[in-house]
Amino acid sequence: MWTETDSPVGSLRLVERGGSLTAIEFEPHRDGDGRPRGVRQDDHPVLVEVARQLAAYFAGDLTDFDLPLAPEGSDFQQRVWAQLRTIGYGETATYGAIAHRLGMTNAASRAVGLANGRNPIPIVIPCHRVIGADGTLTGYAGGLERKQVLLDLERTDALW
């Protein structure tokens, strides 16, 4: 099942299977890529809850998602995505730091970056919080502009 929801980073397609969130897709939405999505069902309870939590996140009222997740990927990708979920709201980590957390050297940074880029559930699994070793924004499946919007949303050092 799937639905769409509006957000400050554009329309998001939310995909559920077996009672868990399996994907969040940025627009332009790609059909025909072989990913199973099923039929649109805007009132599916899991999708309604995902949309509610995303709206709260974008409003600045939610810093930790509590959703059933089932991202599909290799064992290594799953390990990287698990590490991404340990990066707190408003924090960032480098690809090298993620590699070290996995017991690997900086040489694995590229593999971490590739796994990060294949994260099927962006925002909820916060791949936008991973930055280059020099502190610059690097690759993001949704585009660097979206990555910047998400990081700015989470900034806690803003002057009010």
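Glu72 is exposed, with a relative accessible area of 53%. The classes, computed with a 1.4 Å probe on protein chains only, are buried (under 20% relative accessible area), exposed (over 50%) and partly exposed (in between). This is a predicted model, in which local features need pLDDT of at least 70 and side-chain atom pairs count only at pLDDT 80 or more, while totals for chains, interfaces and linings use all residues. Residues are numbered from 1 along each chain as its sequence is written, and side-chain values use heavy atoms, with hydrogens and water left out.

Arg17, the partner of Glu72 in a salt bridge, is partly exposed at 36% relative accessibility. A salt bridge here is a side-chain nitrogen of Lys or Arg within 4 Å of a carboxyl oxygen of Asp or Glu. The N to O distance between Arg17 and Glu72 is 1.8 Å. The two residues are 55 apart in the chain: Arg17 is in strand E2, and Glu72 is in the loop between H1 and helix H2 (75-84). Helices (H or I, at least four residues) and strands (E, at least two) are DSSP runs, numbered from the N terminus.

## Other salt bridges

Side chains of opposite charge can pair when their charged atoms come close. The structure holds five salt bridges. One of them joins Glu25 to Arg13, with the closest N and O atoms 2.7 Å apart. Glu25 lies in strand E3 and Arg13 in strand E2 (residues 12-17), so this pair ties together parts twelve residues apart in sequence. Both ends are buried: Glu25 has a relative accessible area of 7%, and Arg13 has 3%.

Glu49 and Arg52 also form a salt bridge, at 2.7 Å from N to O. They sit three residues apart in helix H1, so about one helical turn separates them. Glu49 is partly exposed at 28%. Arg52 is partly exposed at 48%.

The domain assignment gives domain 1 (1-57) and domain 2 (73-154). Such bounds come from an automatic or database assignment. The C-alpha centres of the two domains lie 21 Å apart. Ten residues from domain 1 and 14 residues from domain 2 make the contact, where contact means heavy atoms within 4.5 Å.

The size of an interface is often given as the accessible area lost when the parts come together. Buried area is that loss (1.4 Å probe), summed over both parts. Domain 1 and domain 2 bury about 1,200 Å² between them, with 69% of it on carbon and sulfur atoms. Val9, Phe26 and Tyr57 supply 57% of the area that domain 1 buries against domain 2, more than any other three residues.

On the side of domain 1 that touches domain 2, strand E3 (20-26) and helix H1 (45-58) are the elements giving two or more residues. E3 gives the most, with five residues. By class, this side has eight nonpolar, one polar and one charged residues. Nonpolar covers Ala, Val, Leu, Ile, Met, Phe, Trp, Tyr, Cys and Pro; charged covers Asp, Glu, Lys and Arg; the others, Gly among them, count as polar.

## Ala23 in strand E3

Ala23 lies in strand E3. Ala23 is buried, at 5% relative accessible area. Beyond its neighbours within four places in sequence, Ala23 contacts Arg13, Leu14, Val15, Pro120 and Ile121. Ala23 and Asn119 are 96 residues apart in sequence and 8.6 Å apart in space, C-alpha to C-alpha.

Key. Buried area = accessible area lost by both parts, 1.4 Å probe.
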